[in-house]
Amino acid sequence: MTTIDTDPDTGLDPLEFAVTRNLTAKSNADRDAILASPGFGQSFTDHMVDICWSVRGGWHRPRVSPYGPISLDPAAAVLHYGQEIFEGIKAYRHADGSVHTFRPDQNGRRLQRSARRLALPELPVPYFLQSLRELIAVDGAWVPSGADQSLYLRPFMFAKEAFLGVRPAHKVAYYLIASPAGAYFKGGVKPVSIWLSEDYSRAGKGGTGAAKTGGNYAASLLPQSEAYENECDQVVFLDQDRNVEELGGMNVVFVYKDGTIVTPQSDSILEGITRDSLLQLARDRGHHVEGRNVSLTEWREGVASGDIVEVFACGTAAVVTPIGTLKGRDFIDEQPSGTLALELREELTNIQYGRAEDKHGWLYRLDA
Ligand code: PLP
Ligand code: COI
């Protein structure tokens, strides 16, 4: 077990994880073959972490076990009512071999906010952080060292109580799995094309848009298929007033010709940690940053008039990706190309991979 002190903020003692090693773990050669070209979300490491929660027992039975199928009662509430949340966070290998993650306290807190909205229990942030460290303690060799590669960590929590009544489950499981990752989009960093979803929305006022819950992604799949049918990489959603919200799995950022950076802000959008970090880096460079409504009209007219000089998408999996085209049912708007998105991407990844000074204290070491 990793030794961690009592958390000074919460007074919580670390959990004692029971560790069962995977006796059929991949050989070094098999692992290296996967790490040579990991893709995204296709291969998984040798172990997983889980912690149980019940109304009576609170958080209990923390384990590190061999990666494998989860046994669930067919009546488990998650299978019927979708009471589920997740996170996405990456572990980066630095040149000296050490393994770090990026702003994990933010993911831990967002998992808590998602839990609140989905009536799930809030995992204390120190337990969240410890779960990351426990997995890296056994699967650290899975953190790749190639350019732009990382180990994508996927924490998730779901209602496992076998009960068909519609109420918050009394038994819940938290899991953490990990998957080596290269570029999210095939072809690396090149501008992506975006399909405007006119018929479907992702979130509504008072809904679950700000939570990272599977249902939001389920709702995005049909419009995402529509995007593919229209030869677009991703879909962008509007709210009921035709303001831009976000993509299926990324936030959107607009750069104006006076240097102002604007990003949609509302309680139906996921508060991205990548976006927050990029905006901080932009502020550090002297850019004025605004979080506010951006209507589709403002976007299209801004591009047409030259007021908007760059549009990009950002998220943990995709990092920073310029938007090259916006396509609707009856229009195709080529987007202006600039340099800020790629400069900010470089600056952010330099911090994440330990190539630049971490002035904001964003890195968190996982392997020590
Ligand atoms: N919006 C959605 C819908 C997402 O799935 C993600 C990815 O996690 C983001 C935005 C970006 O969030 P973050 O930068 O924290 O990964
Ligand atoms: C992430 O970026 O971590 C996400 O969860 C988005 C998903 C599309 C992979």
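Predicted model: local features only at pLDDT ≥ 70, side-chain atom pairs only at ≥ 80, totals over all residues.
Colleague: How far is an oxygen atom of ligand 2 from an N or O atom in the side chain of K212?

Modeller: Let's begin with the backbone contacts. A317 puts a backbone N or O atom 2.8 Å from an oxygen atom of ligand 2, and for a polar backbone atom of T316 the distance to a ligand 2 oxygen is 3.5 Å. With K212, the side chain supplies the N or O atom, and the distance is 2.7 Å.

Colleague: Over to ligand 1, then: where does it sit?

Modeller: There are 17 residues surrounding ligand 1, and the closest are R110, Y217, E246, T274 and T316. By class, that shell has 6 nonpolar, 7 polar and 4 charged residues. As for its place, ligand 1 sits in the largest pocket.

Colleague: Which elements give two or more residues to the shell around ligand 1?

Modeller: Ligand 1 sits in the largest pocket. The elements that give two or more residues to its shell are β11 (244-247), α6 (273-284) and β15 (308-315).

Colleague: What share of the area ligand 1 exposes when taken alone does the protein bury?

Modeller: Look at the polar atoms around it. The side chain of Y217 has one 2.4 Å from a ligand 1 oxygen, the side chain of T316 has one at 2.6 Å from a ligand 1 oxygen, and a polar backbone atom of I273 is 2.8 Å from an oxygen of the ligand. Taken alone, ligand 1 exposes 380 Å², and the protein buries 97% of that.

Colleague: Is E231 buried or exposed?

Modeller: E231 is in the loop between α5 (214-229) and β10 (234-238), and its phi is near 60°, a positive value in a residue other than glycine. Its relative accessibility is 67%, and the cut-off to pass is over 50%, so E231 counts as exposed.

Colleague: What about R242, which has a positive phi too: how accessible is it?

Modeller: R242 isn't a glycine, yet its phi is about 65°. You'll find R242 in the loop between β10 and β11. R242 counts as partly exposed because its relative accessible area is 40%.

Colleague: Is L123 buried or exposed?

Modeller: L123 has its place in the loop between α3 (104-117) and α4 (125-139). Its C-alpha atom is separated by 19 Å from that of K90, 33 residues apart along the chain. The relative accessible area of L123 is 2%, and under 20% is the cut-off, so L123 is buried.

Colleague: Last one: which residue's side chain does Q335 join in a polar contact?

Modeller: Q335 is in the loop between β17 (331-334) and α8 (340-352). Q335 counts as buried because its relative accessible area is 9%. A polar contact of 2.8 Å joins its side chain to that of W299.

Notes:
Residues numbered from 1 in each chain as written. Chains lettered and ligands numbered in written order. Heavy atoms only, no water. Near = heavy atom within 4 Å. Polar contact = N/O pair within 3.5 Å; in protein donor to acceptor, adjacent residues only side chain to side chain. Areas by Shrake-Rupley, 256 points an atom, 1.4 Å probe, with all protein chains shown as cover. 1 Å grid on protein atoms, 1.4 Å probe; cavity = no way out; pocket = protein on both sides within 12 Å on 5 of 7 lines; lining within 4 Å. Sits in = over half its atoms within 2 Å of the grid points. Helix = DSSP H or I, 4+ residues; strand = E, 2+ residues; numbered from the N terminus. Nonpolar A, V, L, I, M, F, W, Y, C, P; charged D, E, K, R; others polar. Buried < 20%, exposed > 50% of the residue type's maximum accessible area, 1.4 Å probe, protein only.
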